[in-house]
Amino acid sequence: MALAFDEFGRPFIILREQDQKTRLRGIDAQKANIAAGKAVARILRSSLGPKGMDKMLQGPDGDITITNDGATILEQMDVDNQIAKLMVELSRSQDYEIGDGTTGVVVMAGALLEQAERQLDRGIHPIRIAEGYEMASRVAVEHLERIAQKFEFDINNFEPLVQTCMTTLSSKIVNRCKRSLAEIAVKAVLAVADLERRDVNLDLIKVEGKVGGKLEDTELIYGILIDKDMSHPQMPKHIEDAHIAILTCPFEPPKPKTKHKVDIDTVEKFETLRKQEQQYFDEMVQKCKDVGATLVICQWGFDDEANHLLMHRNLPAVRWVGGVELELIAIATGGRIVPRFQELTPEKLGKAGVVREKSFGTTKERMLYIEHCANSKAVTVFIRGGNKMMIEETKRSIHDALCVARNLIRNKSIVYGGGAAEIACSLAVDAAADKYPGVEQYAIRAFAEALDSVPMALAENSGLQPIETLSAVKSQQIKENIPFYGIDCNDVGTNDMREQNVFETLIGKQQQILLATQVVKMILKIDDVISNSEY
């Protein structure tokens with residue numbers, strides 16, 4: 001941009017690269033925005049449901065991710081278009097709030113945009129379409145409340161939670177082990193849940209993975225697993241009834257804060273310094289022994305002399321343990337993190353039933369298990385798998401299952417999956433359209449049609465005839481007035497989702513509809529796009 005003056009001395013601005021700037025207004029802008037949103041939805045549509053396909057994503061540095069988790073796919077895609085970025089944000093917000101349904105919410109938003117485009121072609125104003133969608137979403141959410149069922153469960157009978165987590169895991173790579181993984185996820189959530197307050201702190205559930213072994217070897221550890229081993233190979237590998245000192249101070253002599261220089265010019269001075277250091281280490285180790293510690297876990301390292309002394313004084317130690325792991329160990333064992341040796345007291349020690357070191361395969365890799373803790377409010381899901389990609393995808397799947405179990409503890413209501421809830425809402429929204437005399441009723445009917453896109457995508461991905469399958473299930477719901485009929489994706493032979501035990505959380509499904517509607521309304525209201533580059 002440059003300032004120039006005409007022959008009369010009046011200033012005017014010269015805009016450089018004017019020909020590269022683009023501006024879309026009115027219906028052209030809305031259609032361009034809708035096209036961008038639909039393009040993103042189309043990518044995810046084929047990965048919806050138990051028979052959905054996976055996507056392979058290659059990062060800029062050559063690392064590869066294979067997944068069908070909607071939030072992960074969009075997170076790792078390089079998206080330039082601003083409307084496409086809104087769809088990425090939509091998937092992310094569903095992941096943050098609910099943890100599951102990240103693919104479904106984008107497919108739903110794409111279907112709403114597709115229907116909105118048809119309404120625009122008919123000459124309906126975007127604001128009226130947005131208002132109609134808002135009315136329809138309220139009808140759909142209220143209908144979900146009516147058809148929802150409550151699941152009663154407790155610590156001893158958690159089968160309903162397992163069935164719902166299995167539905168989530170059905171669409172993942174790990175579906176062949178969905179029963180065992182769902183049980184692990186539910187037990188982990190119940191171990192850390194506060195059932196009185198209906199609250200679950202997922203930070204207390206640590207998910208670790210190690211390459212090697214089968215997926216079936218995945219286990220739940222009632223305690224903490226850290227990727228460390230004993231600091232000296234001759235230290236005991238199995239400690240019963242451990243009293244753990246958790247330190248954030250290093251096992252070394254204190255260093256002056258200022259810059260200093262020590263000249264050692266005789267053997268006597270060197271011997272004196274060595275003895276002082278040894279005495280300092282001795283006092284540190286003795287302090288730990290005096291308070292009754294049988295294991296020391298330190299955030300910092302210590303040198304070979306301190307390590308040798310610890311081994312000789314029969315005090316096992318673990319060094320270089322991260323801050324997050326230290327906090328989890330402190331929570332699980334009921335111990336306190338000690339910043340200075342002077343503050344170490346018997347009351348601040350953590351207690352664990354067993355601390356053991358376990359080695360894996362032929363690589364001599366070792367990990368430390370801290371089990372049967374005094375306060376087992378922290379647990380670890382330890383995943384095994386054939387390669388790193390498998391472990392990463394299993395971690396994402398377990399995260400979804402954990403979130404579903406948490407949501408059910410917060411709200412016990414469930415709806416039936418397989419597209420059954422969407423078909424029921426579609427019928428309810430279509431029936432409600434007649435009550436609205438204005439132009440909005442066209443948008444409400446369009447919303448009902450968009451709801452059908454989820455079961456249609458499920459049928460399509462399962463290799464069924466989409467239109468034929470959807471119309472058969474829809475007519476079955478209307479005839480029998482039962483909202484439990486969905487798409488038989490697994491070819492079990494029945495459309496009744498109660499018999500197939502296909503459940504989804506009510507709050508997850510409601511959130512999908514509300515978020516998709518919200519984002520589509522925002523996109524419809526944009527009528528001017530100014531850009532410095534071509535789309």
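Tutor: Happy to! One term before we start: two strands pair if DSSP finds at least two bridges between them. Keep in mind too that this is a predicted model.

Student: Let me switch to β13. Which of its residues are on each side?

Tutor: Strand β13 covers residues 295-298. Leu295 and Ile297 are on one side, Val296 and Cys298 are on the other, and all of them are buried, with both faces of the strand covered.

Student: How many bridges join β12 to β13?

Tutor: There are 4 bridges between β13 and strand β12 (residues 238-247), and the two run parallel. As an example to look up, Leu247 has Cys298 in β13 as its bridge partner.

Student: What about β13 and β14, do they pair in the parallel or antiparallel sense?

Tutor: Parallel: β13 and strand β14 (residues 317-318) pair over 2 bridges. Look for Val296, which stands opposite Ala317 in β14.

Student: New topic: helices! At what angle do α13 and α14 pack?

Tutor: Helix α13 (residues 440-451) and α14 pack at about 25°, and their axes are 4 Å apart. That makes α13 roughly parallel to α14, since angles under 35 degrees count as roughly parallel.

Student: Which residues meet there?

Tutor: From α13 you have Glu449, Ala450 and Leu451, and they meet Ser453, Val454 and Pro455 in α14. By class, the residues of this α13 and α14 contact are 4 nonpolar, 1 polar and 1 charged.

Student: And how do the axes of α14 and α15 cross?

Tutor: The axes of α14 (residues 453-461) and α15 (residues 466-480) come within 8 Å and cross at roughly 130°. The two helices are therefore oblique to each other. The crossing of α14 past α15 is right-handed.

Student: Which residues make that contact?

Tutor: On the α14 side they are Pro455, Met456, Ala459 and Glu460, and on the α15 side Pro466, Ile467, Thr469 and Leu470. The classes for the contact of α14 with α15 are 6 nonpolar, 1 polar and 1 charged.

Student: Last one: where is Phe151?

Tutor: Phe151 is in the loop between β6 (149-150) and α6 (159-170).

Student: Is Phe151 buried or exposed?

Tutor: Phe151 counts as buried because its relative accessibility is 15%, and buried means under 20%. Leaving out residues up to four places away in sequence, Phe151 touches Pro160, Thr164, Lys412, Ile414 and Phe503.

Student: And how far is Phe151 from Thr272?

Tutor: Their C-alpha atoms are separated by 73 Å, with the two residues 121 residues apart along the chain.

Notes. Residues are numbered from 1 along each chain as its sequence is written. This is a predicted model: local features need pLDDT of at least 70, side-chain atom pairs count only at pLDDT 80 or more; totals for chains, interfaces and linings use all residues. Side-chain values use heavy atoms; hydrogens and water are left out. Axes are lines fitted to C-alpha atoms, for helices over the stretch in contact, and angles run from 0 to 180 degrees between N-to-C directions. Angles under 35 degrees count as roughly parallel, over 145 as roughly antiparallel, 65 to 115 as roughly perpendicular and the rest as oblique. A crossing is left-handed if the near helix is turned anticlockwise from the far one by less than a right angle, and right-handed if clockwise. Contact means heavy atoms within 4.5 Å. Ala, Val, Leu, Ile, Met, Phe, Trp, Tyr, Cys and Pro count as nonpolar, Asp, Glu, Lys and Arg as charged, and the others, Gly among them, as polar. Buried means under 20% relative accessible area, exposed over 50%, partly exposed in between (1.4 Å probe, protein chains only).
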